[in-house]
Amino acid sequence: MTQAKQPRLRAGLQPFSADLPKADQPMTRAQKQLVQVSFARLAPSADAVAEMFYRELFALGLGLRKLFRGDLARQRQKLMSMLGAAIANLDRLEAIVPAVRDLGRRHVGYGVEPADYQTVARALIATLEQGLGSDFTPALREAWAICYRVLAGEMMAGASEHRADEPSPNRAAQPGIY
Ligand code: HEM
């Protein structure tokens, strides 16, 4: 049943890369403000938004649920508070880059692989679409897409430093994950 839903969900979302500007495009001041204002609008219902996000993520990424071994309610808080801190600091990114890279490094230990960042991007955009409704304009969508790409890029940079240092756990080798 749930399996049958997958193609529809996938078909309903545009591929992450198709509607995005160049990977190294920085955010404009206006885009930073758009993201900050829209995130503040979601703040009162942060937990419901995070719940929606994980529902999307686990529907899009078969096998990802098993990577989350801790309490998901706590994880929802951690995600929203990390996103909040990053978004509040978009104007002084250099202040948070070390923490974001460390976060990416820790994600290697959670079994997260580079391709999973794309799945998270799609789940995030779909969540924002649902959460903000008609306020999620094409300009806002683009601003969020660049914002995510910047954060995920720093996380993946941290992760590849980690990968270069030591062998990462092999997720495929863990029973039951795929
Ligand atoms: C901008 C992107 C992301 C942000 C801001 C983010 C944020 C976080 C935070 C704050 C934590 C708490 C643990 C810690 O601080 O080390 C966490 C854990 C985790 N994240 Fe992410 N994450 C992102 C991308 C991803 C991606 C792409 C995946 C792939 C599925 C992922 C999967 C996980 C998993 C499996 C955990 C551990 C959960 C547990 O221990 O139960 N995250 N993430």
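**Around the ligand**

Tutor: Helix 4 gives the most to the shell around the ligand, with five residues. Keep in mind that this is a predicted model. In total, 21 residues surround the ligand. The closest are Leu-67, Gly-70, Met-82, Asp-116 and Val-120. Now sort the shell by residue type. It has 14 nonpolar residues, three polar ones and four charged ones.

Next, step back to the whole protein chain. It holds seven helices and zero strands. Of its 178 residues, 23% count as buried.

Then look at the largest nonpolar core, which has 32 residues. Helix 4, helix 5, helix 6 and helix 7 each give two or more residues to this core, and so do helix 2 (29-42) and helix 3 (46-60). Helix 7 supplies the largest share, 11 residues. The residues with the most contacts inside the core are Leu-124, Trp-144, Cys-147, Tyr-148 and Leu-151.

Take Leu-151 as an example. Set aside its neighbours within four places in sequence, and Leu-151 is in contact with Ala-86 and Val-100.

Finally, consider contacts across the protein chain between residues at least 6 apart in sequence. Of these, 83% join residues at least 24 apart.

Conventions
Residues numbered from 1 in each chain as written. Predicted model: local features only at pLDDT ≥ 70, side-chain atom pairs only at ≥ 80, totals over all residues. Near = placed C-beta within 6 Å. Helix = DSSP H or I, 4+ residues; strand = E, 2+ residues; numbered from the N terminus. Nonpolar A, V, L, I, M, F, W, Y, C, P; charged D, E, K, R; others polar. Core = buried A, V, L, I, M, F, W, Y, C linked by C-beta atoms within 7 Å. Buried ≥ 20, exposed ≤ 12 C-beta atoms within 10 Å, placed from the backbone. Contact = placed C-beta atoms within 7 Å.
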